[in-house]
Amino acid sequence: MKLHANTNNVEKSGDFEESKFSIEASSKAFFILSDGLYSNKILAVIRELSTNAYDSHVDAGKKDVPFDVHLPTSIDPVFFIRDYGTSMNHDDCMQLYTTYFRSTRNDSNDAVGCLGLGSKAPFAYADSFTVEAYLNGNKRVYNAYKDENGNPVFSLMHECETVEQDGIKVSLQVDAYDVNRFNHEAKKVYEFFNVKPNFVGETISFNNIEKVLAGSNWYFDDNANSNLIIMGQIAYPIDFQQLSENDSSSDKCSSFIRNSDGLRIFMNIGDMDITPSRESLSYSAATKQNIKNVIQKIIEEITSKIEGQISEQPTLFKARNKYVQISDQCHSVKNAVESLAKSLSWNGKKLFDNTINETINVDKNHGIKMLHKAGYYRKKISSVDNFESISFHRNNKFVIDDIKRGGLSRVKKHMRELSSGASYYIYKLDSEETIDNNRLYDILGGATKEDVILTSSLPKVAYNRQTSSGESSYQAIHAQVYNFTTKKFEACNMSVKYENAIYFEESKDTIDMGSTKHTVDAYTLGCMINYINTYYPEDIKDMSFYLVKPSVISNRKLQERDNWIEGVGIVRSLMQKAVKDREQEVLDYHNQCDLSSTRNDKFVDAFAMTKTDNEVKTVIAEYNEYKNRMKAIQSDMRTLEYAILSFAECKLSEDLTESYDDKEFSDRFDNLVNVRYPMLKVMVDNNPYGRPHHSHLQIIADYIDSVENNTKVSA
């Protein structure tokens, strides 16, 4: 990959003694360039070795040939990548693996690599790794390791003849507790690879992509939340805050990203600058401008795409639903087509009376009843008759009541089983109307019976009826089953004949967790089960998880059945394992560091506006990367914190908590600000709680620049 380079014009007023900067080869330097460079070390190892393998295949003309990846297992905890590319002779191996910043791909945008750091990435995770080079019938085995002083060493260990294809194999041992992490991170790395690797041993299943809207080099994935730029098959998160630069064009792009979900933008290699760790984009002026350019093109394409997709719908009703689906995925669609929205139409008929709320106005004598559920499981359902507008929110449904009696009860029962809020609009057929021809369809804009729910299609409401002998003639057994697709507990009718049925006692949405410190609700338990399924799927393979009322457990004697197993112990033991595997991350997340302990962080915006480089900006950048890491693991960490609160057995090691230091950034940041910029300290001392007015930020930035410029002159 070609890097953007700046050329500086320097004017000298005379001849001065000069000395160029250099880097001393030391264990500290090697630590920074290998171990200290990456925040997610496992992800870095997989990404760097994989892109090297891909680049080698490109060089060999094998772009469409997959390389091999062995994912570690508990039985065989080894990670390796074997490519079938150009390979390397002995001299190239000795130079490339022992020289940092040496790369053969600086002058080509056909290759992903460029920095000469990726081949050393295994040192970020392990103290040693093995390189096998196959070339022209010869096999050489090298060992890369750190000596007693922490300096990396690359040594030829063995050489022999071979019939293997040319290529490179890099392998390293994986700690047992990191096996699942390797598989999890590998899934993220290979998600956007055009040619997926050939997985040896363990395999990876990738999520389905549902493109709700797509353009020339972008699409919105309905099954995703994050916004990513994909360059060289590697995904980089987009930081919308980096695009805001106090001008209308920048603010428009920043707002568009902030209000988007699941946006995927594909860029050519070299279009964006990246940080040395390749964990994020480097927001240089060129990178920002390229992002703004592509966002502007996306906004222009969205307008035409929406018009096209709406116009091709067979009815006004379907056109309305299509717009709702698109705008729900990208909330900024409304901004992107702001000029169009006022006249957004289908066949000359406007979509909505209120585009922002996606509603149409209706006559009060519409004959429609609305049932509304605010949200969450089994919330109260309210009924409204005299409303004047209908909302086309994607959770809202339209119902034809085509049975004589009991229709509303069926709808309410159906709504109580929903895990989210919704409004259901119910239309009762007149005596002369049919399910094929009625007034509701005209109100909605040409809907048909395929677009609505019929009350006759909903399950009847079951009631317990007692016989004269006092026995129940009919008794439905209700429970809730965990749906691994929706990641929620959903109502169901259970059978005592189920196999591998794991049950929890639930009463009023409270789960009895046995000998735990706290009870939990269905949502919290669902989070734990989802975590287990993500990281330890083999431990719960083929199991089904149910919430069952105490009376059902007792009456159906579930404790005595071999096919029904009480689930508290299973969840407790696996969450205990999960906390142990990631206890350092749990501690880091729980005790997140502040940038400043003396309110110096109020000047962050001012430092961003400075024109000179300074150490404080470096600390701020590192802190932002740190906060992004915490945000990335937020969902997992909250689940593990649930486990710690819920189970006495789930706890962190005392030696970790006793030695924890939560001032990783504040000591450095505050010391730099207080010592180097004394006027800022005076401002904090005089007004510790006030923040600089926006109009004063540039003045503060100019002061910081003056300090830096004076320091350089003095030096």
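In this predicted model, Ser 423 touches Met 370, Leu 371, His 372, Asn 396 and Lys 397, when residues up to four places away in sequence are left out of the count. Ser 423 has its place in strand S20, which runs over residues 422-428, and because its relative accessibility is 7%, Ser 423 counts as buried, the limit for that term being under 20% relative accessible area.

In soluble globular proteins, nonpolar side chains tend to be buried together. The largest nonpolar core here holds 94 residues, and those with the most contacts inside it are Phe 79, Tyr 190, Ile 265, Ile 295 and Ile 390. Helix H6, spanning residues 285-311, gives the most to this core, contributing eight residues. As for Ile 295, the residues that it touches, again not counting those up to four places away in sequence, are Cys 253, Phe 256, Ile 257 and Ile 265. Apart from this core lies another one, made up of 57 residues, among them Phe 504, Met 513, Cys 593 and Met 630.

A last stop is Pro 678, which lies in helix H21, a helix covering residues 678-686. With a relative accessible area of 43%, Pro 678 is partly exposed, since that term covers values between the 20% limit for buried and the 50% limit for exposed. Pro 678 touches Val 673 and Tyr 703, with residues up to four places away in sequence not counted. The C-alpha atoms of Pro 678 and Val 707 are separated by 10.0 Å, although the two residues are 29 residues apart along the chain.

Technical notes:
Residues numbered from 1 in each chain as written. Predicted model: local features only at pLDDT ≥ 70, side-chain atom pairs only at ≥ 80, totals over all residues. Heavy atoms only, no water. Core = buried A, V, L, I, M, F, W, Y, C linked by side-chain atoms within 4.5 Å. Buried < 20%, exposed > 50% of the residue type's maximum accessible area, 1.4 Å probe, protein only. Helix = DSSP H or I, 4+ residues; strand = E, 2+ residues; numbered from the N terminus. Contact = heavy atoms within 4.5 Å.
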